[in-house]
Amino acid sequence: MTPHRQTDPAAPSLDQARRQIARYGLTADPQAVLVAARLMAAGARIGQAGEVHFGRFGLSTGRYRLLADLEDHGGEKSPSQLATSLGVSRATVTGLVDGLEREGLVARRPSTDDGRGNVVILTARGADRLRELAPEHFARMQSMVAGLSVEERTVFLDLLARIVAGIEALAED
């Protein structure tokens, strides 16, 4: 493994974590706090970069994820299924679908399973948009992690899964 190097001068340091913990008279592990703080900062920066990236294609991260989720599931899902798979509220899905529908990338139609509800379908234009952006999108995604070896990416995926499992610690009541 390559040695750790901090490339973001704005990222918190171990000394900062120690000082903050001491300031409040806590016994928290400064390294654990630092890892979490840097992960949150990196997540915010990745989110911002993702918006710039998808903006090149007239999309947002959320709109892309919705289109890709539809494509991955046969081109059709209910709004509640989309909300669950995307980890967002039904209201958020409604807003995303409204915008995508205005552009002709998705359409709504009555559900054959539930006459009271609608399903969202990926249109040919939406599928074309995904095909158009795929070469650049996947090349940029690969470039983002190009500094990691295959072995490091394998370890990172395992570590990331464990961190994701702990996210509830921030959100739970």
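Which residues have the most contacts inside the largest nonpolar core? They are Leu59, Tyr64, Leu66, Leu67, Leu70, Leu100 and Val106, in a core of 22 residues. The model is a predicted one, in which local features need pLDDT of at least 70 and side-chain atom pairs count only at pLDDT 80 or more, while totals for chains, interfaces and linings use all residues. Residues are numbered from 1 along each chain as its sequence is written, and side-chain values use heavy atoms, with hydrogens and water left out.

**The nonpolar core**

- A nonpolar core is here a set of buried Ala, Val, Leu, Ile, Met, Phe, Trp, Tyr and Cys residues joined through side-chain atoms within 4.5 Å. Buried means under 20% relative accessible area, exposed over 50%, and partly exposed in between (1.4 Å probe, protein chains only).
- Two or more residues of this core come from each of α3 (61-72), α4 (79-86), α5 (90-102), β3 (118-122) and α6 (124-144). Helix α3 gives the most, with five residues. Helices (H or I, at least four residues) and strands (E, at least two) are DSSP runs, numbered from the N terminus.
- Leu66 touches Leu82, Leu86, Val93, Leu96, Val97, Leu100 and Val106, leaving out residues up to four places away in sequence. Contact means heavy atoms within 4.5 Å.
- In soluble globular proteins, nonpolar side chains tend to be buried together.

- Helix α3 has 12 residues and reaches 16 Å from its first C-alpha to its last, close to the 16 Å expected at 1.5 Å a residue. The expected span is 1.5 Å times one less than the number of residues in the helix.
- Within α3, the buried residues include Arg63, Tyr64, Leu66, Leu67, Ala68, Asp69 and Leu70. Gly74, which follows the helix, has a positive phi, near 75°.
- The count of aromatic pairs comes to one. The ring centres of Phe54 and Tyr64 lie 4.5 Å apart with their planes at 20°, so this pair is stacked. Rings of Phe, Tyr and Trp (its six-membered ring) pair if their centres lie within 6.5 Å; planes under 30 degrees apart count as stacked, over 60 as edge-to-face and the rest as tilted.
- The pair links distant parts of the chain, with Phe54 in helix α2 (residues 30-55) and Tyr64 in helix α3, 10 residues apart. Both Phe54 and Tyr64 are buried.

**The sheet**

- Three strands form an open, antiparallel sheet in the order β1-β3-β2. Two strands pair if DSSP finds at least two bridges between them.
- Strands β1 (76-77) and β2 (106-110) stand at the edges with a single partner strand each, so one side of each is left without a neighbour in the sheet.
- Two bridges join β1 to β3; Glu76 has Ile121 as its bridge partner, and Lys77 stands opposite Val120.
- Between β2 and β3 there are five bridges, and Arg108 has Val120 as its bridge partner in β3.

**Two individual residues**

- Ser111 is found in the loop between β2 and β3 and is buried, with a relative accessible area of 13%. Beyond its neighbours within four places in sequence, Ser111 is in contact with Gly117, Asn118 and Val119.
- Glu132 belongs to helix α6 and counts as exposed, at 58% relative accessibility. Glu132 and Pro9 are 123 residues apart in sequence and 36 Å apart in space, C-alpha to C-alpha.
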